[in-house]
Amino acid sequence: MYYKNKPTFPENFLWGASSSAWQVEGATTEGGRGPATIDLNSQTKKPFTDNSIAADHYHHYKEDVALMKEAGFSSYRFSISWSRIIPDGDGEINQEGLDFYHNLIDELVKNNITPIVTMYHYDLPLALFEKYGGWNNRQIIDDFDRYARLLCTEFGDKVKYWITLNEQNMQIVYGDWLGLDKGVDNWEKEKYRINHIMNLCHAKAVIAVHELVENGQVGPVPGYVPIYPNSGNPKDQIAAMNAEELTEKMWLDFYVHLEYSPFILRYFKEYDIDIDMRDGDLAIIKQAKIDFIALNCYRSNVAADCPLDDKSVKLELNKNGEKGNFVYPKFPGLYQLMPNNYVETTDWDWEIDPIALRYMLRYVWDHYQLPMMIVENGFGAHESLGDDGKVHDDYRIKFLNDQIYQIGLAIEDGCPVLSYNLWSFTDLLSTGNGMAKRYGLVYINTTDEDVLDLRRVKKDSFEWYKQVIATNGQHLENQKKKNKNQ
Ligand code: BG6
């Protein structure tokens, strides 16, 4: 539906931004933090970039929160590093780690910024990987349960919104990219068993929040890439549905309905997959009723039919930010992804598709009827300080304007949305490109090659977002032009 007026946002809408511990904190060997598997990725696996400094938020958190306050934030989503709290994952608790997060949370609360906390964002304590293979072993269910319970008892009086595992679906779909496949002999065969272990960890965390946090609310956060059929060919529609099932619906169905869907059970049977479901697992899962669905959404996809006798093609992400390097995958018998000629792309071949957000919110609401939060959405770009010492990121302003406008339209359509937390407040390490792919409203003066003074410089998008927040969305335009000359 087209509306005559600008969309309006609810009065108590939570505006803010999002980050994760390993991408923003740095100080990996300070404050008693134990090593995490992601540290190794970032030191050895190009193009991951060394996370020992990142945006140095560990030392700048007060300054960063002051800037959030200046921007008018009412929420901030961040993650807690498991190995900062329990350095070896299952042993002694590190008081210095707890203190860091207490200080950060207190600083936020003092400034009327609601904390939204992710329990796990790709940074597994290395000791657990060395001891028993980490996510590949059911021992992690108890260890994660203990960690989640500790977070709830320690921070539960100040944190009411909890998110369990960041992008469990993407960790399974892109196992080789996010490091989950390490030490697993046959990833394609084993990944759904590992996913089942993660499902149990998610369930334990949901139960913990409900048991230990007064008025606590908890939800998952899938990485969501809405998928359109390539054409009006009915086969393309089924292919798009297959892609949807296997990249996101499998997870949302499970989180909400607390069981595997008939489609997925049939898929496991067809592909001879054993998820190692044990007695008692379902009883745990059935108690894990979530309160909201958080969503990360940056782009969309297009899927087309892919017959069984077609040749499979492995997906390759664009890892260097030069357009045209993304390889569209083919999964014979299921679907293939295709370029979308109706939308532009970023330098990393990510589709720039604001309407995807409206579509996603309506789709998720129609299927699950739970309140939603957008906790990641943003524009990654090559950036450096200009001659005037500033960053004029009109492309990001346009991107964010158009995306948030569509969220407003989804709200007008009847979707309950609690928050918008863009990615990211300061520049931070991209999962694939370090500081070479920047997302922030605030520039961090450092590069992958040289650590500079880490000074915070507000980009033009900072001032623009401040206006959006101050007007509760009325500063948004219906499709913004990139700059005045266009
Ligand atoms: C999300 C992740 O999927 O995408 C973030 O939760 C990540 O951790 C973000 O940084 C953007 O992806 P990238 O690869 O550009 O950093």
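Predicted model: local features only at pLDDT ≥ 70, side-chain atom pairs only at ≥ 80, totals over all residues.
**Overall architecture**

The protein chain contains 16 helices and 16 strands. Its radius of gyration is 21 Å, close to the 23 Å that the globule rule gives for 486 residues, so the chain is as compact as a globular protein of that length. Taken along the principal axes, the box filled by the C-alpha atoms of the protein chain is roughly 60 × 60 × 45 Å.

**Ligand site**

The ligand sits in the largest cavity. It is surrounded by 15 residues, the closest being Glu167, Glu376, Thr431, Lys437 and Tyr439. Divided by class, this shell around the ligand comprises seven polar, five nonpolar and three charged residues. For Glu167, Glu376 and Thr431, the table lists the distance between an oxygen atom of the ligand and a polar side-chain atom.

| Residue | Distance to a ligand oxygen atom |
|---|---|
| Glu167 | 2.7 Å |
| Glu376 | 2.8 Å |
| Thr431 | 2.4 Å |

**Backbone features**

Most peptide bonds are trans, and most residues other than glycine have a negative phi. Against this background, two sites in the chain deserve mention. The peptide bond that joins Trp423 and Ser424 is cis, with omega at about 10°. Ser424 belongs to the loop between strand 14 (417-422) and strand 15 (442-444).

Key: Residues numbered from 1 in each chain as written. Heavy atoms only, no water. Near = heavy atom within 4 Å. Polar contact = N/O pair within 3.5 Å; in protein donor to acceptor, adjacent residues only side chain to side chain. 1 Å grid on protein atoms, 1.4 Å probe; cavity = no way out; pocket = protein on both sides within 12 Å on 5 of 7 lines; lining within 4 Å. Sits in = over half its atoms within 2 Å of the grid points. Nonpolar A, V, L, I, M, F, W, Y, C, P; charged D, E, K, R; others polar. Helix = DSSP H or I, 4+ residues; strand = E, 2+ residues; numbered from the N terminus. Rg over C-alpha atoms; globule rule 2.2 N^0.38 Å.
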